Amino acid sequence: MRAFLAWLDDRTGYRQLVHEALYERIPGGARWRYAWGSTLVFCFATQVVTGLFLWMAYSPSQQTAWESVYYIQHEMQGGWLLRGVHHFMAQAMVVLMGLHLLQVVVDGAYRAPREINFWLGLVLMQIVLGLALTGYLLPWDQKGYWATKVATNLVGLAPGLGSAAQQLVVGGPTYGHHTLTRFFALHAGLLPGLLSVFLLLHVALFRRHGIKAKEPLRQPECTFWPDQVLKDAVACLAVLAVVLGCVLWPAWSGAWKLDLTRAGAELMAPADATNQYSAARPEWYFLFLYQLLKYFPGDLEWIGAIALPTVVLLVLALMPLVGRWKYGHGFNVVFLLALLLCGVVPLTVLAWQEDHRGPDSPAYLAAVDAAAADAERIVELAQSPSRIPPTGALALLRSDPKTEGRRLFEHKCAVCHGTPGSPPDGESARIGAPNLADFASRAWLSGLLNPAQIAGPKYFGNTAHFEGEMVDFVTGELLSWSQEEIASAVLALSAEAGLPRQAAADAHDATRIEAGRALIAGEDKCAQCHKFHEAGELGTAPDLTGYGSRQWIADFVHNPAHERFYAGDANDRMPAFGESGQLSPAQIGLIADYLRQDWFQPPATGAE
Amino acid sequence: MSAAQISAASAPAPAPVPPRRSFLVRFAAAALGGVLVLFPLLAGLVVAFDPLRRKNRQTREIRVAPLDALPDDGVPRLFPVIYETLDDAWTRHRDVPAGAVYLVRAPGTSEVKALHATCPHLGCFLDYQTERRAFGCPCHKSTFDLAGVRTGGVSPRDMDELVCHVRGGAIWVKFQNFLAGRPEKEPEA
């Protein structure tokens, strides 16, 4: 072995290299404050390693980017940990970079002969920020998509070649496959390559100049190995511990229990260009820039987005020259501290405050909750027996009644019918079509046949039917029915809907339902006005055959003025959504399934 | 900056012999450094080895064709095998062509023999050569007779026969891929 190493050294001179690397002199002894640079090298190395492994499972395209990240996060063993470390280590790197810069400026380590190394550091900082920005888009989720859209639109603001630059970055006039392939090539190829080259120069120059020892020297001179290595390693370990803490934090549910399915970096619902995402915010370390933009309206936006950051970078770059002036170092330190303490920190706090405590924060927080619900739902769907189709996960979400049905209902129906689950107040109470939460269920129908409720705001109170024959019937003739008769009629009518969530109850009450059907079909009872299977006639009141079933609701929404429902003038203001082409048959089906709560439910946990 | 420092920096003298350090400092530095290097590497390797957990779960019999579609003349005919669903990592494909089989029906009977349509040598697609009444591999020129038995070339084994039943007027095949290039017929994982 010894002979082999001697031969290797003779041919390569490796001992000299190792010696130079390890036995760098450190005047004044090892100190914690020299560890910043090493923690950054550690961060970068970790990003390279974890990034390479993520690369093995990532697939950049509109139909596979989110899907492959989902697969890493939720199906590959340890994927959540790998992705979580990569995600939070990136944030740690940005923070450590800021601290490193602060320390270098405060210690005056930018002064001769280290000017060039300072400039190299600034270049490195830009590359790291570029990596953060490009990486944010790659999961192709709502958060990354909308945040990056803002960033690329800002590129378009640049004077002159702005829009051409934007189109080049985006890979075309609109976001698509090539946005992902280009961002991925930047994130995993060009930028890390540049970073490696500049880091090599940065460290080489640092070694040439030696460490900028902090005066006064406290201890006798020592060498990099092992004293400073130990301190650096402990510092890096602390960084790793913080990162792991961030990875595990979302899984913490108290009482020393970890729900690892929630651990790691967030993955929102797949990017959807047609679906407003009000919860879009940049990563937290860019929040100050985001807040800054709020103060530059319209055509002045380029000041906040481009001019101010450029000026700040210019001042930073000039620091080594300014530092030669008598008061230059003082100016530099004050400038940087002021930038942090009077600029970045308060702007970040303000941005947070406006979102969480401001007048608009309820809307923002609701959007955050809705986004979280979508994110959770798409994982349920991706793990359902349908799995992810080749058209991508977004197609799953768009065919999900619980998500897309609700969205359609909110856009098209809620303006009159109110949102299911919320009490009929405000705008919807004034227009006041019936509230459809739990429509056609036993509880909903019991309310309809309740003389105290039918003319109330939840049912016909604010419609033309307020003075109609149904209200007359419920508040008059129905009073002569026995409680059991009313109850069994409710059971029978609700059973027409065949609600999946009521299937067991419907089967259980089969005999009462049979009795109720006979009542409804009675020519002197409901069938006076309503058609019900073979009994009764169409034209006077809605057909009760299959009432509340998917087909019934779909036909009703298609055209409520059809003779099966409210023929002619009997229809009170409800548009014929299908016949007028406002909604496609598939969309109407989603609304029907949404009202029937007929959607995929994951099996209760513990069933597996 | 002091003059001493500048000279130390700009003219790197041979580094001084490191003073004797306690074993503990060296050990701790090396151990912690090792942890830092190994952690991301191990986190990545765990994920990279995930494919070893994946098994090919398609072992059910698949309806390949109605019996009527296969004349009882002893001539092999190629039929695609369509999986109802096929999972590729996150994607679930539906009605996917998964491979092909040669089906031969013995003259005057409803007995059907199913042969995997790829060569057991290295997985090239076999041709049926009508005039020679034999299967031939376009890649390395292996030949097989109608029963799938080697008659020439370099294939290490006969053609792979698949379990096949006639049920309800249809031909059902248990479609499987076998490892190529081996003398024994071993199913893929």
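Me: In this predicted model, why is Cys413(A) called buried?

Reply: Cys413(A) has a relative accessible area of 11%. Buried means under 20%, so Cys413(A) counts as buried.

Me: How do you know whether Cys413(A) is in a disulfide or in none?

Reply: The nearest cysteine sulfur belongs to Cys416(A) and is 8.9 Å away. A disulfide needs sulfur atoms within 2.5 Å, so Cys413(A) is in no disulfide.

Me: What makes Cys124(B) and Cys139(B) a disulfide?

Reply: Their sulfur atoms are 1.9 Å apart. The cut-off is within 2.5 Å, so the pair qualifies as a disulfide. A search of the whole structure finds one disulfide over all chains.

Me: What is the handedness of the link between Cys124(B) and Cys139(B)?

Reply: The angle about the S-S bond is -100°, and the link is left-handed.

Me: Why is the pair said to tie together parts of chain B?

Reply: Cys124(B) sits in the loop between S4 and strand S5 (127–129), while Cys139(B) sits in the loop between strand S6 (134–136) and strand S7 (143–144).

Me: What makes S4 and S9 of chain B a strand pair?

Reply: Two bridges join strand S4 (residues 112–116) to S9(B). Strands pair with at least two bridges, so S4 and S9 of chain B count as paired. They run antiparallel, and Ala114(B) stands opposite Leu162(B) in S9(B).

Me: Why are S2 and S9 of chain B called edge strands?

Reply: The open sheet has four strands in the order S2-S3-S4-S9 (chain B), with antiparallel pairing. Strand S2 (77–88) and strand S9 (161–162) each pair on one side only, and these are the edge strands.

Me: How many cavities of 30 Å³ or more are there, and what lines the largest cavity?

Reply: The count comes to two cavities of 30 Å³ or more. The largest cavity holds about 50 Å³ of space. Its lining includes Gln142(A), Asp272(A), Leu394(A) and Arg407(A). Helix H15 (residues 393–398) of chain A gives the largest share of this lining, three residues. By class, the lining residues of the largest cavity are four nonpolar, two polar and four charged.

Me: Why is Ala213(A) called buried?

Reply: Ala213(A) has 2% relative accessibility, and buried means under 20%, so the label holds. Ala213(A) lies in the loop between helix H9 (177–209) and strand S2 (222–223) of chain A. Ala213(A) and Ala109(A) are 104 residues apart in sequence and 9.2 Å apart in space, C-alpha to C-alpha.

Me: What makes Ser549(A) buried, and which residues does Ser549(A) contact?

Reply: The relative accessible area of Ser549(A) is 16%, and the cut-off is under 20%, so Ser549(A) counts as buried. Ser549(A) lies in the loop between helix H22 (510–520) and helix H23 (550–558) of chain A. Leaving aside neighbours within four places in sequence, Ser549(A) is in contact with Glu496(A), Ala497(A) and Arg596(A).

Conventions
Residues are numbered from 1 along each chain as its sequence is written. Chains are lettered from A and ligands numbered from 1 in the order in which they are written. This is a predicted model: local features need pLDDT of at least 70, side-chain atom pairs count only at pLDDT 80 or more; totals for chains, interfaces and linings use all residues. Side-chain values use heavy atoms; hydrogens and water are left out. Buried means under 20% relative accessible area, exposed over 50%, partly exposed in between (1.4 Å probe, protein chains only). On a 1 Å grid over the protein atoms alone, a cavity is a set of points where a 1.4 Å probe fits but cannot get out, and a pocket is an open set with protein on both sides within 12 Å along at least five of seven lines; lining residues have an atom within 4 Å of a point. Grid points are joined across faces, edges and corners, and a volume is the space filled by probe spheres set on the points. Ala, Val, Leu, Ile, Met, Phe, Trp, Tyr, Cys and Pro count as nonpolar, Asp, Glu, Lys and Arg as charged, and the others, Gly among them, as polar. Contact means heavy atoms within 4.5 Å.
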